[in-house]
Amino acid sequence: MAKLSFEFPDGNVKDFDEGVTTEDIAKSISISLAKKAVAGKIDDKMVDIDLPLNSGGKIEIVTKDSDDGLKVLRQTASQLLKAALADQFTNIQFGESTSDEDGFFVDTDKRETQVSADELPQLEERMHKMVKNNVQIERKVLSKEDALKQVDGDPYQAKLVNKLAMNDQVVFYQIGDYLGLGEGVVLPSAKQVKEFKLLSVAGAYWEGKSSNPMLQRIFATAFYKKADLEADVKQRQEAKERDHRVIGNKLDLFFVDPKVGAGLAYWMPNGATVRRVVERYIVDKELANGYEHVITPVLMNLNAYKTSGHWAHYRDDMFPPMDMGDGEELELRPMNCPSHIQIYKHHIRSYRELPIRIAELGMMHRYEKSGALSGLQRVREMTLNDGHTFLAIDQIQDEFKKILHLMTEVYKDFDISNYHFRLSYRDPKNTEKYFDDDEMWNKSQSMLKGAMDDLGLEYVEAEGEAAFYGPKLDVQTYTAMGNEETLSTIQLDFMLPERFDLHYVGEDGKEHRPVMMHRGLVSTMERFIAYLIEVYKGAFPTWLAPHQVKIIPVSMNKHGDYAKQINEKLVKMGIRSSVDDRNEKMGYLIRDAQTNKIPYTLVVGDNEMNSNSVSVRKYSEKDSKDESFDEFTKEIQNDIDNYSRG
Ligand code: THR
């Protein structure tokens, strides 16, 4: 019998008889390895563990504890799911099925109706039965012609057969009565697929194109260990509970409707209230810290963006210019810096005025790809808590510290602690994205790094994340879905002052070039409020809550006037309070106030009315307590003044 030669990752070479399987090879090394082995990788190509091999090469034994090993399990589970679906629904058609680090999915088309979430438990049960019976998964290689016959009537599968055929051969797997197209390496039996979960269903276009039919995608996941599955399901549940789009809808905070403009947010009164509180807070904080607030237009002559370099380096993120027909081209601004530069340039500036800090809640438009848009997190119109400091070169260190200090104060008030620093540099090879000026980049990057090192702060470094005009210190945080997002940024810029020929008159009476620092403390209102919604799961601390107090009279007839009277007093204090005068059962009204995550619910009946008191129930607390109305006003005022610090 011919011999095949295999080279192992440690460089060892061993010969085996032709027809040997990865399983045999693993066994020849050790029983413990064979127990963990789930597939082979020959010359980097995955193969089924029981596939008789007819050529040698570099071999790797894929084990359960590796990412590839997990993929094999999930691919097997997807094949079982298809078998279960074929069993449950005659004439079902299948689009793609795929497994990855996030789980696996199968695309389906039942035609008249679609698979619904209600049907998932039944499908799970069918799969569990296959696992319990240790159903065998038998590999069958069909000619392309036979394969097309096998999938006759299913246009999606036919297309996949054509795509997957190699040397006129296509791999299928027989699972009970179901003979289905193989789309990846699987295990030889159902036995190991014990820990899986069908998670959800959602529409997905065939081949991802919106001009194609919409299929129904079944999302699922699988693990080798029960504990891993449980942890993953729990984490998904938590992420769902935190998802700002879901909460935004439930609490009527905002909406985005692609029919009236993808990525353009509509702030409902509740969301607008939260935003207004944040905006007032941040403006007041900046005014108290030496910033001057301005208001500048969202439209600007395109020439300004040609001067700034946006047109050359940032055009892909910009909306197309508006040709006004009279030679003028207007541009929706993608950043506020050129606008603040105009404010600086409007007067002659003296060294005595520096640093000049110009701030604005600046509305900008960036043309994000439609696939990247997501609720408030990724939008096309956004309002940045922006600021630009114009300063002398020897003031950089001090200003940097001041901004960091201010940022820390703001974070404390919003109770933000889960973040890390990232120093973002240019990619020197990418001259399309970045100004090409080595000396300037080296200077600004090393100054920023030096400032961080002097402060003894820890950071990671990232090449290719800088702004096109300069390096940044970014503060990175995470969304509920686990994506990293920039929350704050401090940027050092020698380029724009040069491009716009900015100066100030120095002590020597001569003109000098200022430096610019761009900074955003709480990023855009959109991103920041999405972040807050997720952090608080919609249960905002009192100072941010859209409704702070809900007053529920036991009987509107008897206690309505008292309820209105105390409500008026609270509203006069600036508290967002209202009386729930709906003719519903009290229990329902209390529950409703809790569902809307209102921090304080006050119930008022005879006792309260007669003693000028209130029965206070705090959000998420089970018990209520009786307090005089005066005590209550002190408590809530204290809560508001204390921001989020509990
Ligand atoms: N121009 C900067 C930006 O958009 C801000 O000034 C922070 O990132």
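I located Asn134 in the loop between helix 4 (120-132) and strand 8 (138-143). Helices (H or I, at least four residues) and strands (E, at least two) are DSSP runs, numbered from the N terminus. The model is a predicted one, in which local features need pLDDT of at least 70 and side-chain atom pairs count only at pLDDT 80 or more, while totals for chains, interfaces and linings use all residues. Residues are numbered from 1 along each chain as its sequence is written, and side-chain values use heavy atoms, with hydrogens and water left out.

I then read the backbone of Asn134: phi is near 45°, a positive value in a residue other than glycine. Asn134 is partly exposed, at a relative accessible area of 26%. The classes are buried for under 20% relative accessible area, exposed for over 50%, and partly exposed in between (1.4 Å probe, protein chains only).

I noted a positive phi for Asn167 also, about 50°, although Asn167 is not a glycine. Asn167 is placed in the loop between helix 6 (155-164) and strand 9 (169-175). With a relative accessible area of 74%, Asn167 is exposed.

**Entry: cis peptide**

I looked up the bond between Leu354 and Pro355, and found a cis peptide with omega of about -5°. Pro355 belongs to the loop between helix 13 (337-345) and strand 19 (356-365).

**Entry: overall dimensions**

I recorded 21 helices and 32 strands in the protein. Along the principal axes, the C-alpha atoms fill a box of roughly 90 × 75 × 55 Å. Of the 646 residues in the protein, 50% are buried.

**Entry: ligand site**

Which residues surround the ligand? I listed Met335, Cys337, Arg366, Leu384, Asp386, His388, Tyr469, Thr489, Gln491, His518, Arg519 and Gly520. By class, I found 4 nonpolar, 5 polar and 3 charged residues in the shell. Here Ala, Val, Leu, Ile, Met, Phe, Trp, Tyr, Cys and Pro count as nonpolar, Asp, Glu, Lys and Arg as charged, and the others, Gly among them, as polar.

I next checked distances from the ligand to N or O atoms of side chains. An oxygen atom of the ligand lies 3.0 Å from such an atom of His388. A nitrogen atom of the ligand lies 3.1 Å from an N or O atom in the side chain of Tyr469. For the side chain of Gln491, I read 3.1 Å between an N or O atom and an oxygen atom of the ligand. The protein covers 91% of the 250 Å² of accessible area that the ligand has on its own (Shrake-Rupley method, 1.4 Å probe).

Where does the ligand sit? I find the ligand in the largest pocket. A pocket is an open set of points on a 1 Å grid over the protein atoms alone, where a 1.4 Å probe fits, with protein on both sides within 12 Å along at least five of seven lines. A molecule sits in a pocket if more than half of its atoms lie within 2 Å of its grid points. Strand 20 (381-391), strand 24 (484-493) and strand 27 (515-524) are the elements that give two or more residues to the shell around the ligand.

**Entry: three histidines**

Is His244 buried or exposed? I read 0% relative accessibility, so His244 counts as buried. His244 is placed in helix 8 (residues 244-250). A polar atom of the His244 side chain lies 2.8 Å from the backbone nitrogen of Leu376. A polar contact is a pair of N or O atoms within 3.5 Å; within protein, one must be able to donate a hydrogen and the other to accept it, and residues adjacent in sequence count only if both atoms are side-chain atoms.

I placed His313 in helix 12 (residues 310-313). His313 counts as buried, at 18% relative accessibility. His313 and Phe468 are 155 residues apart in sequence, and their C-alpha atoms are 6.6 Å apart in space.

I placed His512 in strand 26 (residues 511-512). His512 is partly exposed, with a relative accessible area of 29%. His512 and Ala392 are 120 residues apart along the chain, with 8.5 Å between their C-alpha atoms.

I found Phe500 in the loop between helix 16 (495-499) and strand 25 (504-505). Phe500 is buried, at a relative accessible area of 7%. Between the C-alpha atoms of Phe500 and Ile341, 159 residues apart along the chain, I noted 7.8 Å.

Pro258 is in helix 9 (residues 258-261) and counts as exposed, at 62% relative accessibility. For Pro258 and Tyr425, 167 residues apart along the chain, I noted a C-alpha separation of 35 Å.

Terms used. Near = heavy atom within 4 Å. 1 Å grid on protein atoms, 1.4 Å probe; cavity = no way out; pocket = protein on both sides within 12 Å on 5 of 7 lines; lining within 4 Å.
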